[in-house]
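Good morning, everyone. Please put the structure up on the screen, and I'll walk you through it.

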Amino acid sequence: MSERTPNISPIMTDLLLDPAIRTWVFIPIVVVTFFAGIVRHYVHLLLQTKKKGELVKLQDTHYLAKARLLRMNGGVLPRADFEMRKHFLTNEKEGYLQQKMQAPSNQANMMTDPSMMTEMLKGNMLNMIPMVVIGGWINWTFSGFVTTKVPFPLTLRFKPMLQRGVNLSSLNAAWVSSASWYFLNVFSLRSIYALVLGDDNAAGTTMDEQLAGVNPAVQQDPKQVFKAEWEALQISFHKFKL
Amino acid sequence: MVVETIDWTDLSFQEARQTLKKWRDDHARRSEEIVEIWEHVLSRYTSSLHDELWAVLEQVTIAAIDSARHDVALQCLQKLMTQFPSSSRVAKLQAMRLEALKNYDDAEALYNKLIKADETNPGFRKRKVAILIAKGEKLEAIRELNEYLEIFINDTEAWIELSELYLKEADYARAAFAFEDVLLSTPHSSLNLRRIAEIRYAQGGQDNLELAKAYYDKAIQLNPDDTRSLFGVVLVCNQLANKASPAKKKELIQTGTRALDKLASIYKKAGDNPKQDIHQRTVNALRTQLSQS
(Lines give C-alpha, C1' and ligand atoms only; values in the text may rest on other atoms or scores of the structure.)
Protein backbone atom coordinates (compact mmCIF):
# COMPACT_ATOMS: atom_id res chain seq x y z
CA MET A 1 0.00 0.00 0.00
CA SER A 2 1.51 3.31 -0.92
CA GLU A 3 0.65 6.66 0.45
CA ARG A 4 2.27 9.76 -0.85
CA THR A 5 1.70 12.63 1.46
CA PRO A 6 2.87 16.00 0.22
CA ASN A 7 3.47 18.03 3.36
CA ILE A 8 1.82 21.28 2.56
CA SER A 9 -0.17 21.61 5.73
CA PRO A 10 -1.04 19.12 8.41
CA ILE A 11 -4.72 19.13 7.59
CA MET A 12 -4.76 19.27 3.81
CA THR A 13 -3.36 15.84 2.95
CA ASP A 14 -4.23 14.54 -0.43
CA LEU A 15 -3.85 10.79 -0.52
CA LEU A 16 -3.48 8.56 -3.49
CA LEU A 17 -4.84 5.17 -2.58
CA ASP A 18 -3.68 1.88 -3.95
CA PRO A 19 -6.07 0.71 -6.69
CA ALA A 20 -6.00 -2.66 -5.00
CA ILE A 21 -8.16 -1.09 -2.30
CA ARG A 22 -10.75 -0.27 -4.88
CA THR A 23 -10.86 -3.78 -6.29
CA TRP A 24 -10.60 -5.79 -3.12
CA VAL A 25 -12.31 -3.65 -0.53
CA PHE A 26 -14.56 -1.01 -1.93
CA ILE A 27 -16.49 -3.12 -4.39
CA PRO A 28 -16.65 -6.30 -2.30
CA ILE A 29 -18.23 -4.38 0.57
CA VAL A 30 -20.94 -3.07 -1.73
CA VAL A 31 -21.54 -6.53 -3.16
CA VAL A 32 -21.64 -8.20 0.25
CA THR A 33 -24.05 -5.66 1.68
CA PHE A 34 -26.32 -5.91 -1.32
CA PHE A 35 -26.55 -9.67 -1.27
CA ALA A 36 -26.93 -9.74 2.49
CA GLY A 37 -29.97 -7.55 2.08
CA ILE A 38 -31.45 -9.76 -0.60
CA VAL A 39 -30.90 -12.86 1.52
CA ARG A 40 -32.53 -11.11 4.45
CA HIS A 41 -35.57 -10.34 2.35
CA TYR A 42 -36.09 -13.92 1.27
CA VAL A 43 -35.47 -15.34 4.73
CA HIS A 44 -38.07 -12.93 6.01
CA LEU A 45 -40.52 -14.20 3.44
CA LEU A 46 -39.85 -17.78 4.40
CA LEU A 47 -40.28 -17.17 8.09
CA GLN A 48 -43.36 -15.05 7.75
CA THR A 49 -46.40 -16.55 9.36
CA LYS A 50 -49.66 -16.05 7.53
CA LYS A 51 -51.50 -13.20 9.16
CA LYS A 52 -54.99 -14.03 10.25
CA GLY A 53 -56.73 -10.74 10.52
CA GLU A 54 -59.14 -10.16 13.32
CA LEU A 55 -62.64 -9.23 12.39
CA VAL A 56 -62.98 -6.68 15.15
CA LYS A 57 -59.85 -4.85 14.13
CA LEU A 58 -61.05 -4.72 10.55
CA GLN A 59 -64.40 -3.44 11.68
CA ASP A 60 -62.67 -0.74 13.69
CA THR A 61 -60.70 0.46 10.72
CA HIS A 62 -63.86 0.66 8.69
CA TYR A 63 -65.64 2.71 11.32
CA LEU A 64 -62.72 5.06 11.70
CA ALA A 65 -62.59 5.60 7.97
CA LYS A 66 -66.33 6.20 8.00
CA ALA A 67 -66.02 8.83 10.70
CA ARG A 68 -63.30 10.54 8.75
CA LEU A 69 -65.32 10.49 5.54
CA LEU A 70 -68.33 11.86 7.40
CA ARG A 71 -66.26 14.74 8.66
CA MET A 72 -64.71 15.51 5.31
CA ASN A 73 -67.63 15.05 2.96
CA GLY A 74 -70.57 15.52 5.28
CA GLY A 75 -71.46 18.72 3.50
CA VAL A 76 -72.97 16.71 0.72
CA LEU A 77 -75.66 15.27 2.93
CA PRO A 78 -78.73 17.07 4.18
CA ARG A 79 -78.52 18.19 7.77
CA ALA A 80 -80.86 15.60 9.27
CA ASP A 81 -79.01 12.67 7.75
CA PHE A 82 -75.65 14.04 8.76
CA GLU A 83 -76.85 14.44 12.34
CA MET A 84 -78.25 10.93 12.32
CA ARG A 85 -74.92 9.49 11.29
CA LYS A 86 -73.02 11.65 13.71
CA HIS A 87 -75.33 10.54 16.46
CA PHE A 88 -74.86 6.92 15.49
CA LEU A 89 -71.14 7.25 15.87
CA THR A 90 -70.74 9.56 18.83
CA ASN A 91 -73.76 9.06 21.05
CA GLU A 92 -72.97 8.70 24.72
CA LYS A 93 -74.83 5.53 25.25
CA GLU A 94 -74.89 3.75 21.96
CA GLY A 95 -72.39 5.46 19.72
CA TYR A 96 -69.79 3.17 18.25
CA LEU A 97 -66.85 5.46 18.78
CA GLN A 98 -67.96 6.13 22.30
CA GLN A 99 -68.10 2.46 23.09
CA LYS A 100 -64.70 1.84 21.68
CA MET A 101 -63.22 4.71 23.62
CA GLN A 102 -64.45 3.42 26.90
CA ALA A 103 -63.71 -0.18 26.23
CA PRO A 104 -61.61 -1.79 28.93
CA SER A 105 -58.07 -1.05 28.03
CA ASN A 106 -56.41 -3.74 26.03
CA GLN A 107 -53.00 -2.38 26.78
CA ALA A 108 -52.01 -5.21 29.02
CA ASN A 109 -52.75 -7.61 26.26
CA MET A 110 -50.31 -6.01 23.88
CA MET A 111 -47.24 -6.95 25.83
CA THR A 112 -48.27 -10.48 26.53
CA ASP A 113 -49.78 -11.06 23.13
CA PRO A 114 -47.61 -13.91 21.96
CA SER A 115 -48.04 -13.55 18.23
CA MET A 116 -47.08 -9.91 18.24
CA MET A 117 -44.04 -10.57 20.40
CA THR A 118 -42.73 -13.25 18.10
CA GLU A 119 -43.26 -11.04 15.08
CA MET A 120 -41.31 -8.21 16.67
CA LEU A 121 -38.60 -10.53 17.86
CA LYS A 122 -38.20 -12.14 14.49
CA GLY A 123 -38.03 -8.81 12.72
CA ASN A 124 -35.49 -7.43 15.16
CA MET A 125 -33.27 -10.49 15.11
CA LEU A 126 -33.39 -10.75 11.37
CA ASN A 127 -32.13 -7.23 10.95
CA MET A 128 -29.72 -6.88 13.84
CA ILE A 129 -27.77 -10.10 13.68
CA PRO A 130 -26.57 -9.95 10.06
CA MET A 131 -25.70 -6.30 10.45
CA VAL A 132 -23.60 -6.96 13.55
CA VAL A 133 -21.96 -10.05 12.12
CA ILE A 134 -21.03 -8.56 8.79
CA GLY A 135 -19.99 -5.29 10.38
CA GLY A 136 -17.70 -7.09 12.74
CA TRP A 137 -16.19 -9.23 10.02
CA ILE A 138 -15.49 -6.21 7.86
CA ASN A 139 -13.99 -4.36 10.74
CA TRP A 140 -11.71 -7.26 11.48
CA THR A 141 -10.71 -8.04 7.89
CA PHE A 142 -10.37 -4.60 6.46
CA SER A 143 -8.81 -2.67 9.25
CA GLY A 144 -5.82 -0.46 9.37
CA PHE A 145 -6.35 1.58 6.23
CA VAL A 146 -8.71 4.12 4.79
CA THR A 147 -11.05 3.02 2.06
CA THR A 148 -12.60 6.08 0.58
CA LYS A 149 -13.07 9.81 0.90
CA VAL A 150 -16.43 11.42 1.44
CA PRO A 151 -16.93 14.37 -0.89
CA PHE A 152 -17.77 16.88 1.82
CA PRO A 153 -15.49 18.16 4.57
CA LEU A 154 -15.95 16.85 8.08
CA THR A 155 -14.75 18.18 11.39
CA LEU A 156 -12.07 16.47 13.41
CA ARG A 157 -14.59 15.14 15.87
CA PHE A 158 -15.70 12.55 13.35
CA LYS A 159 -12.27 11.05 13.16
CA PRO A 160 -12.43 8.47 15.95
CA MET A 161 -15.83 7.36 14.70
CA LEU A 162 -15.07 7.05 11.03
CA GLN A 163 -11.41 6.11 11.06
CA ARG A 164 -11.48 3.21 13.41
CA GLY A 165 -8.20 1.49 12.77
CA VAL A 166 -6.16 4.38 11.47
CA ASN A 167 -4.34 6.44 14.06
CA LEU A 168 -2.98 9.30 12.00
CA SER A 169 -3.59 12.55 13.74
CA SER A 170 -2.95 14.61 10.65
CA LEU A 171 -5.29 12.75 8.35
CA ASN A 172 -8.24 14.68 7.01
CA ALA A 173 -11.45 13.49 8.60
CA ALA A 174 -13.02 13.01 5.22
CA TRP A 175 -11.05 9.82 4.73
CA VAL A 176 -13.07 6.98 6.21
CA SER A 177 -12.42 3.36 7.04
CA SER A 178 -14.14 0.33 5.59
CA ALA A 179 -16.52 -0.06 8.52
CA SER A 180 -18.02 3.33 7.90
CA TRP A 181 -18.22 2.59 4.19
CA TYR A 182 -20.16 -0.54 5.12
CA PHE A 183 -22.64 1.39 7.23
CA LEU A 184 -23.06 3.96 4.50
CA ASN A 185 -23.94 1.12 2.16
CA VAL A 186 -26.44 -0.43 4.52
CA PHE A 187 -28.48 2.72 4.69
CA SER A 188 -28.11 3.75 1.09
CA LEU A 189 -28.98 0.49 -0.58
CA ARG A 190 -32.57 0.79 0.55
CA SER A 191 -33.62 2.57 -2.60
CA ILE A 192 -31.89 -0.04 -4.72
CA TYR A 193 -33.81 -2.74 -2.88
CA ALA A 194 -37.01 -0.90 -3.71
CA LEU A 195 -36.09 -1.11 -7.37
CA VAL A 196 -35.01 -4.73 -7.32
CA LEU A 197 -37.44 -6.33 -4.90
CA GLY A 198 -40.46 -4.12 -5.38
CA ASP A 199 -41.71 -1.65 -2.85
CA ASP A 200 -42.73 -3.94 -0.05
CA ASN A 201 -39.40 -5.52 0.78
CA ALA A 202 -38.11 -6.69 4.10
CA ALA A 203 -34.54 -5.70 3.45
CA GLY A 204 -35.04 -2.04 3.93
CA THR A 205 -36.03 -1.58 7.54
CA THR A 206 -33.71 0.53 9.64
CA MET A 207 -33.12 0.40 13.31
CA ASP A 208 -35.20 3.50 13.93
CA GLU A 209 -38.37 1.95 12.64
CA GLN A 210 -37.94 -1.09 14.80
CA LEU A 211 -37.14 0.70 18.02
CA ALA A 212 -39.57 3.54 17.84
CA GLY A 213 -42.35 1.73 16.12
CA VAL A 214 -44.10 -1.31 17.21
CA ASN A 215 -44.43 -1.45 20.93
CA PRO A 216 -45.62 1.90 22.24
CA ALA A 217 -47.48 2.90 19.11
CA VAL A 218 -49.73 -0.11 18.97
CA GLN A 219 -50.52 -0.02 22.64
CA GLN A 220 -51.89 3.47 22.67
CA ASP A 221 -53.19 3.45 19.21
CA PRO A 222 -56.71 2.09 19.22
CA LYS A 223 -57.99 4.12 22.12
CA GLN A 224 -56.26 7.32 21.12
CA VAL A 225 -57.37 7.09 17.57
CA PHE A 226 -60.96 6.56 18.54
CA LYS A 227 -60.80 9.44 20.97
CA ALA A 228 -59.33 11.70 18.32
CA GLU A 229 -62.01 10.80 15.82
CA TRP A 230 -64.74 11.25 18.37
CA GLU A 231 -63.53 14.69 19.34
CA ALA A 232 -63.16 15.76 15.75
CA LEU A 233 -66.63 14.57 14.92
CA GLN A 234 -68.15 16.26 17.96
CA ILE A 235 -66.85 19.63 16.97
CA SER A 236 -67.62 19.37 13.28
CA PHE A 237 -70.72 21.24 12.30
CA HIS A 238 -72.72 20.65 9.24
CA LYS A 239 -72.92 23.10 6.40
CA PHE A 240 -74.81 22.03 3.35
CA LYS A 241 -72.41 22.70 0.57
CA LEU A 242 -74.69 22.49 -2.39
CA MET B 1 -70.54 7.39 -35.77
CA VAL B 2 -69.34 3.95 -36.76
CA VAL B 3 -68.47 1.69 -33.87
CA GLU B 4 -65.14 0.01 -34.36
CA THR B 5 -65.47 -3.75 -34.26
CA ILE B 6 -62.39 -5.60 -33.24
CA ASP B 7 -62.07 -9.24 -34.14
CA TRP B 8 -60.95 -10.67 -30.84
CA THR B 9 -60.04 -14.01 -32.33
CA ASP B 10 -57.36 -12.46 -34.46
CA LEU B 11 -55.13 -10.91 -31.83
CA SER B 12 -51.50 -11.74 -31.40
CA PHE B 13 -50.34 -13.35 -28.20
CA GLN B 14 -48.82 -10.14 -26.82
CA GLU B 15 -51.86 -8.04 -27.63
CA ALA B 16 -54.20 -10.58 -26.09
CA ARG B 17 -52.12 -10.78 -22.96
CA GLN B 18 -52.00 -7.00 -22.61
CA THR B 19 -55.71 -6.59 -23.25
CA LEU B 20 -56.58 -9.12 -20.60
CA LYS B 21 -54.22 -7.47 -18.14
CA LYS B 22 -55.81 -4.10 -18.77
CA TRP B 23 -59.28 -5.54 -18.23
CA ARG B 24 -58.05 -7.25 -15.07
CA ASP B 25 -56.76 -3.99 -13.68
CA ASP B 26 -59.92 -2.08 -14.61
CA HIS B 27 -62.23 -4.84 -13.37
CA ALA B 28 -63.97 -4.65 -16.73
CA ARG B 29 -66.89 -7.00 -17.15
CA ARG B 30 -66.38 -7.99 -20.79
CA SER B 31 -67.07 -11.64 -20.25
CA GLU B 32 -67.87 -12.88 -23.74
CA GLU B 33 -64.87 -11.17 -25.23
CA ILE B 34 -62.62 -12.59 -22.54
CA VAL B 35 -63.85 -16.11 -23.26
CA GLU B 36 -63.33 -15.56 -26.99
CA ILE B 37 -59.81 -14.31 -26.50
CA TRP B 38 -59.05 -17.25 -24.28
CA GLU B 39 -60.47 -19.87 -26.57
CA HIS B 40 -58.96 -18.64 -29.79
CA VAL B 41 -55.69 -17.15 -28.68
CA LEU B 42 -54.39 -17.65 -25.21
CA SER B 43 -55.30 -21.26 -24.57
CA ARG B 44 -52.59 -22.20 -27.04
CA TYR B 45 -49.91 -20.25 -25.26
CA THR B 46 -50.35 -21.43 -21.70
CA SER B 47 -46.67 -22.28 -21.37
CA SER B 48 -45.57 -18.78 -22.35
CA LEU B 49 -47.72 -17.12 -19.73
CA HIS B 50 -45.80 -18.54 -16.75
CA ASP B 51 -46.99 -16.99 -13.52
CA GLU B 52 -49.56 -14.81 -15.18
CA LEU B 53 -51.40 -17.97 -16.23
CA TRP B 54 -53.17 -18.32 -12.89
CA ALA B 55 -54.49 -14.78 -12.84
CA VAL B 56 -55.66 -15.21 -16.42
CA LEU B 57 -57.34 -18.51 -15.57
CA GLU B 58 -59.19 -16.87 -12.70
CA GLN B 59 -60.34 -14.06 -14.98
CA VAL B 60 -61.44 -16.49 -17.68
CA THR B 61 -63.28 -18.70 -15.19
CA ILE B 62 -65.34 -15.81 -13.90
CA ALA B 63 -65.97 -14.62 -17.45
CA ALA B 64 -67.03 -18.10 -18.55
CA ILE B 65 -69.41 -18.46 -15.62
CA ASP B 66 -70.83 -15.05 -16.48
CA SER B 67 -71.47 -16.00 -20.10
CA ALA B 68 -72.81 -19.48 -19.23
CA ARG B 69 -69.90 -21.21 -20.97
CA HIS B 70 -69.72 -23.96 -18.39
CA ASP B 71 -67.41 -26.14 -20.45
CA VAL B 72 -64.69 -23.50 -20.52
CA ALA B 73 -65.33 -22.69 -16.86
CA LEU B 74 -64.92 -26.32 -15.84
CA GLN B 75 -61.69 -26.69 -17.82
CA CYS B 76 -60.08 -23.64 -16.29
CA LEU B 77 -61.33 -24.49 -12.84
CA GLN B 78 -59.81 -27.96 -13.02
CA LYS B 79 -56.44 -26.50 -14.00
CA LEU B 80 -56.63 -24.13 -11.05
CA MET B 81 -57.67 -26.89 -8.66
CA THR B 82 -54.73 -29.09 -9.61
CA GLN B 83 -52.33 -26.23 -9.04
CA PHE B 84 -53.85 -24.77 -5.85
CA PRO B 85 -55.65 -27.63 -4.14
CA SER B 86 -56.48 -25.93 -0.87
CA SER B 87 -56.89 -22.33 -1.86
CA SER B 88 -59.86 -20.31 -0.69
CA ARG B 89 -59.74 -18.19 -3.84
CA VAL B 90 -60.25 -21.30 -5.99
CA ALA B 91 -62.98 -22.52 -3.64
CA LYS B 92 -64.79 -19.23 -4.18
CA LEU B 93 -64.70 -19.84 -7.93
CA GLN B 94 -66.12 -23.31 -7.41
CA ALA B 95 -68.93 -21.88 -5.34
CA MET B 96 -69.62 -19.26 -8.01
CA ARG B 97 -69.92 -22.00 -10.59
CA LEU B 98 -72.40 -23.84 -8.36
CA GLU B 99 -74.38 -20.64 -8.08
CA ALA B 100 -74.50 -20.33 -11.85
CA LEU B 101 -75.79 -23.89 -12.12
CA LYS B 102 -78.58 -22.87 -9.73
CA ASN B 103 -77.24 -25.23 -7.10
CA TYR B 104 -77.78 -22.64 -4.38
CA ASP B 105 -77.71 -24.89 -1.34
CA ASP B 106 -74.32 -26.38 -2.09
CA ALA B 107 -72.96 -22.99 -2.98
CA GLU B 108 -74.22 -21.51 0.27
CA ALA B 109 -72.71 -24.38 2.27
CA LEU B 110 -69.35 -23.80 0.60
CA TYR B 111 -69.50 -20.09 1.34
CA ASN B 112 -70.33 -20.74 4.98
CA LYS B 113 -67.30 -22.97 5.21
CA LEU B 114 -65.12 -20.31 3.64
CA ILE B 115 -66.45 -17.62 5.96
CA LYS B 116 -65.67 -19.76 8.99
CA ALA B 117 -62.14 -20.27 7.75
CA ASP B 118 -61.53 -16.58 7.14
CA GLU B 119 -63.92 -14.21 8.83
CA THR B 120 -62.43 -11.04 7.50
CA ASN B 121 -62.90 -11.69 3.81
CA PRO B 122 -65.82 -9.55 2.61
CA GLY B 123 -66.13 -11.33 -0.74
CA PHE B 124 -67.67 -14.52 0.63
CA ARG B 125 -70.37 -12.73 2.57
CA LYS B 126 -71.28 -10.62 -0.41
CA ARG B 127 -71.67 -13.69 -2.58
CA LYS B 128 -74.12 -15.10 -0.03
CA VAL B 129 -76.19 -11.97 -0.42
CA ALA B 130 -75.92 -12.40 -4.19
CA ILE B 131 -77.39 -15.90 -3.83
CA LEU B 132 -80.37 -14.49 -1.96
CA ILE B 133 -80.90 -11.86 -4.63
CA ALA B 134 -80.69 -14.53 -7.34
CA LYS B 135 -83.27 -16.59 -5.51
CA GLY B 136 -85.52 -13.55 -5.49
CA GLU B 137 -85.70 -13.27 -1.72
CA LYS B 138 -85.28 -9.51 -1.64
CA LEU B 139 -86.24 -8.94 1.97
CA GLU B 140 -83.86 -11.62 3.21
CA ALA B 141 -81.17 -10.13 1.04
CA ILE B 142 -81.79 -6.69 2.49
CA ARG B 143 -81.53 -8.07 5.99
CA GLU B 144 -78.29 -9.93 5.29
CA LEU B 145 -76.82 -6.93 3.52
CA ASN B 146 -77.64 -4.71 6.48
CA GLU B 147 -75.88 -7.14 8.80
CA TYR B 148 -72.90 -7.21 6.48
CA LEU B 149 -72.79 -3.44 6.41
CA GLU B 150 -72.75 -3.24 10.19
CA ILE B 151 -69.31 -4.76 10.02
CA PHE B 152 -67.99 -3.48 6.74
CA ILE B 153 -69.50 -0.08 7.02
CA ASN B 154 -67.36 1.48 4.34
CA ASP B 155 -68.06 -0.85 1.44
CA THR B 156 -69.34 1.46 -1.28
CA GLU B 157 -70.33 -1.35 -3.62
CA ALA B 158 -72.51 -2.88 -0.91
CA TRP B 159 -74.22 0.43 -0.20
CA ILE B 160 -75.04 0.83 -3.88
CA GLU B 161 -76.51 -2.67 -3.95
CA LEU B 162 -78.57 -1.99 -0.83
CA SER B 163 -79.87 1.21 -2.31
CA GLU B 164 -80.93 -0.59 -5.47
CA LEU B 165 -82.67 -3.30 -3.47
CA TYR B 166 -84.65 -0.67 -1.60
CA LEU B 167 -85.54 0.98 -4.87
CA LYS B 168 -86.90 -2.31 -6.15
CA GLU B 169 -89.09 -2.39 -3.05
CA ALA B 170 -90.05 1.24 -3.74
CA ASP B 171 -88.72 2.29 -0.34
CA TYR B 172 -87.34 5.61 -1.54
CA ALA B 173 -86.52 7.05 1.84
CA ARG B 174 -84.24 4.18 2.79
CA ALA B 175 -82.78 4.03 -0.70
CA ALA B 176 -81.81 7.69 -0.42
CA PHE B 177 -80.29 7.13 3.01
CA ALA B 178 -78.27 4.16 1.76
CA PHE B 179 -77.11 6.03 -1.29
CA GLU B 180 -75.88 8.89 0.86
CA ASP B 181 -73.19 6.60 2.16
CA VAL B 182 -72.07 6.18 -1.40
CA LEU B 183 -71.98 9.95 -1.69
CA LEU B 184 -69.75 10.19 1.34
CA SER B 185 -67.15 8.09 -0.45
CA THR B 186 -67.51 9.79 -3.83
CA PRO B 187 -68.66 13.35 -3.24
CA HIS B 188 -67.46 14.63 -6.59
CA SER B 189 -68.97 12.03 -8.83
CA SER B 190 -71.54 13.60 -11.10
CA LEU B 191 -73.03 10.19 -11.78
CA ASN B 192 -73.77 9.54 -8.10
CA LEU B 193 -75.06 13.05 -7.54
CA ARG B 194 -77.46 12.58 -10.40
CA ARG B 195 -78.61 9.24 -9.04
CA ILE B 196 -79.39 10.59 -5.63
CA ALA B 197 -81.12 13.55 -7.22
CA GLU B 198 -83.36 11.13 -9.08
CA ILE B 199 -84.17 9.21 -5.90
CA ARG B 200 -85.05 12.44 -4.11
CA TYR B 201 -87.17 13.56 -7.04
CA ALA B 202 -89.02 10.26 -6.95
CA GLN B 203 -89.61 10.64 -3.24
CA GLY B 204 -91.40 13.91 -3.79
CA GLY B 205 -92.33 16.56 -1.29
CA GLN B 206 -91.05 20.11 -1.05
CA ASP B 207 -87.83 19.38 0.88
CA ASN B 208 -86.87 16.48 -1.30
CA LEU B 209 -87.49 18.44 -4.47
CA GLU B 210 -85.25 21.22 -3.26
CA LEU B 211 -82.58 18.71 -2.38
CA ALA B 212 -82.98 17.14 -5.81
CA LYS B 213 -82.51 20.51 -7.45
CA ALA B 214 -79.36 21.16 -5.44
CA TYR B 215 -77.94 17.77 -6.38
CA TYR B 216 -78.83 18.18 -10.04
CA ASP B 217 -77.19 21.59 -10.10
CA LYS B 218 -74.01 20.17 -8.68
CA ALA B 219 -74.05 17.28 -11.13
CA ILE B 220 -74.38 19.70 -14.04
CA GLN B 221 -71.62 21.81 -12.62
CA LEU B 222 -69.33 18.79 -12.62
CA ASN B 223 -70.44 17.50 -16.00
CA PRO B 224 -72.12 20.20 -18.11
CA ASP B 225 -73.05 17.89 -20.97
CA ASP B 226 -75.07 15.38 -18.99
CA THR B 227 -78.44 15.47 -20.72
CA ARG B 228 -80.09 13.35 -18.06
CA SER B 229 -79.21 15.83 -15.33
CA LEU B 230 -80.30 18.71 -17.53
CA PHE B 231 -83.69 17.11 -18.07
CA GLY B 232 -83.80 16.48 -14.33
CA VAL B 233 -83.27 20.15 -13.59
CA VAL B 234 -86.05 21.12 -15.95
CA LEU B 235 -88.50 18.70 -14.39
CA VAL B 236 -87.66 19.74 -10.86
CA CYS B 237 -87.92 23.41 -11.69
CA ASN B 238 -91.27 22.71 -13.25
CA GLN B 239 -92.54 20.99 -10.13
CA LEU B 240 -91.17 23.58 -7.76
CA ALA B 241 -92.44 26.49 -9.80
CA ASN B 242 -96.00 25.34 -9.31
CA LYS B 243 -96.00 26.27 -5.67
CA ALA B 244 -93.27 28.84 -5.49
CA SER B 245 -93.50 32.51 -4.62
CA PRO B 246 -93.29 34.88 -7.62
CA ALA B 247 -89.67 35.83 -7.08
CA LYS B 248 -88.63 32.24 -6.63
CA LYS B 249 -90.70 31.27 -9.62
CA LYS B 250 -88.86 33.65 -11.86
CA GLU B 251 -85.54 32.26 -10.68
CA LEU B 252 -86.69 28.69 -11.24
CA ILE B 253 -87.96 29.46 -14.72
CA GLN B 254 -84.65 31.07 -15.53
CA THR B 255 -82.70 28.01 -14.37
CA GLY B 256 -85.01 25.73 -16.29
CA THR B 257 -84.77 27.76 -19.47
CA ARG B 258 -81.00 27.84 -19.23
CA ALA B 259 -80.94 24.05 -18.95
CA LEU B 260 -83.29 23.77 -21.94
CA ASP B 261 -81.07 26.01 -24.02
CA LYS B 262 -78.11 23.81 -23.19
CA LEU B 263 -80.11 20.74 -24.17
CA ALA B 264 -81.12 22.32 -27.46
CA SER B 265 -77.54 23.14 -28.29
CA ILE B 266 -76.40 19.62 -27.42
CA TYR B 267 -79.02 18.09 -29.67
CA LYS B 268 -78.20 20.44 -32.47
CA LYS B 269 -74.53 19.53 -32.23
CA ALA B 270 -75.32 15.83 -32.26
CA GLY B 271 -76.41 16.30 -35.83
CA ASP B 272 -77.17 12.97 -37.43
CA ASN B 273 -79.13 11.44 -34.60
CA PRO B 274 -82.25 9.91 -36.23
CA LYS B 275 -84.44 10.83 -33.27
CA GLN B 276 -83.29 14.41 -33.52
CA ASP B 277 -86.68 15.96 -34.12
CA ILE B 278 -88.30 14.10 -31.23
CA HIS B 279 -85.71 15.56 -28.90
CA GLN B 280 -86.25 19.03 -30.27
CA ARG B 281 -89.98 18.76 -29.82
CA THR B 282 -89.57 17.50 -26.24
CA VAL B 283 -87.37 20.43 -25.44
CA ASN B 284 -89.84 22.88 -26.91
CA ALA B 285 -92.78 21.28 -25.11
CA LEU B 286 -90.98 21.53 -21.79
CA ARG B 287 -90.15 25.09 -22.53
CA THR B 288 -93.79 26.03 -23.04
CA GLN B 289 -94.79 24.09 -19.94
CA LEU B 290 -92.19 25.85 -17.88
CA SER B 291 -93.18 29.28 -19.01
CA GLN B 292 -96.81 28.59 -18.29
CA SER B 293 -96.35 27.26 -14.77
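I start with R69(B), which counts as partly exposed, at 26% relative accessibility. Let me define that at once: buried means under 20% relative accessible area, exposed means over 50%, and partly exposed lies in between, with a 1.4 Å probe and protein chains only. This is a predicted model, where local features need pLDDT of at least 70, side-chain atom pairs count only at pLDDT 80 or more, and totals for chains, interfaces and linings use all residues. Residues are numbered from 1 along each chain as its sequence is written, chains are lettered from A and ligands numbered from 1 in the order in which they are written, and side-chain values use heavy atoms, with hydrogens and water left out.

Back to R69(B). What does its side chain meet in a salt bridge? The partner is E39(B), at 2.8 Å, N to O. A salt bridge here is a side-chain nitrogen of Lys or Arg within 4 Å of a carboxyl oxygen of Asp or Glu. This pair links distant parts of the chain. R69(B) is in the loop between α4 (52-66) and α5 (70-83) of chain B, and E39(B) is in helix α2 (residues 31-40), 30 residues apart. Those element names come from DSSP runs: helices are H or I with at least four residues, strands are E with at least two, and both are numbered from the N terminus. E39(B) is partly exposed too, at 30% relative accessibility.

Next bridge. K262(B) pairs with D225(B), and their closest N and O atoms are 2.9 Å apart. K262(B) sits in helix α15 (residues 246-270) of chain B, while D225(B) is in the loop between α13 (206-222) and α14 (227-242), 37 residues apart. At 29% relative accessibility, K262(B) is partly exposed.

Some bridges share partners. One network joins K66(A), D81(A), R85(A), E180(B), D181(B) and R200(B). Over all chains, the count is 26 salt bridges. Look at D81(A) and R200(B): their side chains meet at 3.3 Å, N to O. That pair crosses between chains, from helix α3 (residues 79-90) of chain A to helix α12 (residues 190-203) of chain B. Are these two buried or exposed? Both D81(A) and R200(B) are buried.

Now chain A as a whole. It has 10 helices and two strands. From the N terminus, the order is α-α-α-α-α-α-β-α-β-α-α-α. Of its 242 residues, 36% count as buried. Contact means heavy atoms within 4.5 Å. Among contacts in chain A with a separation of 6 or more, 71% join residues 24 or more positions apart.

On to rings. Rings of Phe, Tyr and Trp (its six-membered ring) pair if their centres lie within 6.5 Å; planes under 30 degrees apart are stacked, over 60 edge-to-face, and the rest tilted. That gives eight aromatic pairs over all chains. One of them is F26(A) with W181(A), stacked, 4.4 Å centre to centre, with 15 degrees between the planes. F26(A) is in helix α1 (residues 19-47) and W181(A) in helix α8 (residues 178-188) of chain A, so the pair ties together parts 155 residues apart in sequence. F26(A) is partly exposed at 25% relative accessibility, and W181(A) is buried, with a relative accessible area of 14%.

F34(A) and Y193(A) are stacked as well: 5.8 Å centre to centre, 15 degrees between the planes. F34(A) lies in helix α1 and Y193(A) in helix α9 (residues 190-197) of chain A, so this pair ties together parts 159 residues apart in sequence. Y193(A) is buried, at 2% relative accessible area. Ring pairs also link F34(A), F35(A) and Y193(A) into a cluster.

Last stop, back in chain B. V56(B) lies in helix α4. It is buried, with a relative accessible area of 1%. Leaving aside neighbours within four places in sequence, V56(B) is in contact with L20(B), R24(B), W38(B) and L42(B). Thank you.
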